[in-house]
Amino acid sequence: MYNKPVILTNDDMAEGVYAASGGNTTSECWTITVTKDQTDAGGYCTFRVDARHSNSAVHISTKTVVKIVFSDTVTNAEFEGFQSSVNGSTVTLTRESHANGYKAGDNFNSLLKIWSPTFQTITTVSYGITCTHAVNVQGGYD
Ligand SMILES: [Zn+2]
């Protein structure tokens with residue numbers, strides 16, 4: 001299933017990504033790599049975002065947030081996986097999990113298109129991923 005990416009501006013974002021949810025946010029259950037795929041895909045470049053959720057960490061998750069800081073200003077971003085937003089040189093990819101599913105082995109490997117004045121040479125400065133846990137039926141976090 002492919003959902004057309006939704007591009008949000010900084011104004012749309014506000015602080016919703018981190019302010020929303022009362023969940024317990026951690027990053028140790030995910031491993032992520034972001035690597036340059038194409039330096040020039042026709043006026044933009046592409047990065048491959050590969051994220052793997054630990055098979056040994058099983059819990060209810062309501063959200064996955066990937067935050068990538070680039071070496072220059074990003075003017076637009078499109079992610080084939082889920083919604084993206086841009087703020088200066090930072091791109092945030094947010095996946096809401098409405099199903100509250102268990103997240104063992106919940107991997108994705110998707111392409112991120114980046115527009116920048118220096119798209120041919122732009123690199124990642126840092127990146128990270130967080131997992132927001134929902135309270136389970138016992139009232140705790142798995
Ligand atoms: Zn997790």
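A nonpolar core is a set of buried Ala, Val, Leu, Ile, Met, Phe, Trp, Tyr and Cys residues joined through C-beta atoms within 7 Å. In this predicted model, the largest such core has 22 residues, and those with the most contacts inside it are Ala77, Val91 and Ile114. The protein has 142 residues, of which buried residues make up 25%.

**Overall build**
- The secondary structure comes to 2 helices and 10 strands, and these elements follow one another along the sequence in the pattern β-α-α-β-β-β-β-β-β-β-β-β.
- Among contacts with a separation of 6 or more, 75% are accounted for by residues 24 or more positions apart.

- Ile114, one of the residues with the most contacts inside the core, is in contact with Tyr44, Cys45, Phe47, Phe70, Val74, Ala77, Phe119 and Ile122, once its neighbours within four places in sequence are left aside.
- In soluble globular proteins, nonpolar side chains tend to be buried together.

**The open sheet**
- An open sheet is formed by 4 strands in the order S3-S4-S9-S6, with antiparallel pairing; S3 and S6 are the edge strands, each of which pairs on one side only.
- From one strand to the next, the twist averages 25 degrees.
- The antiparallel pairing of S3 with S4 extends over 8 bridges, and Ile32 stands opposite Ala51 in S4.

Note on methods
Residues are numbered from 1 along each chain as its sequence is written. This is a predicted model: local features need pLDDT of at least 70, side-chain atom pairs count only at pLDDT 80 or more; totals for chains, interfaces and linings use all residues. A residue is buried if 20 or more other C-beta atoms lie within 10 Å of its own, exposed if 12 or fewer, and partly exposed in between; C-beta atoms are placed from the backbone. Two residues are in contact if their C-beta atoms, placed from the backbone, lie within 7 Å. Two strands pair if DSSP finds at least two bridges between them. Axes are lines fitted to C-alpha atoms, for helices over the stretch in contact, and angles run from 0 to 180 degrees between N-to-C directions.
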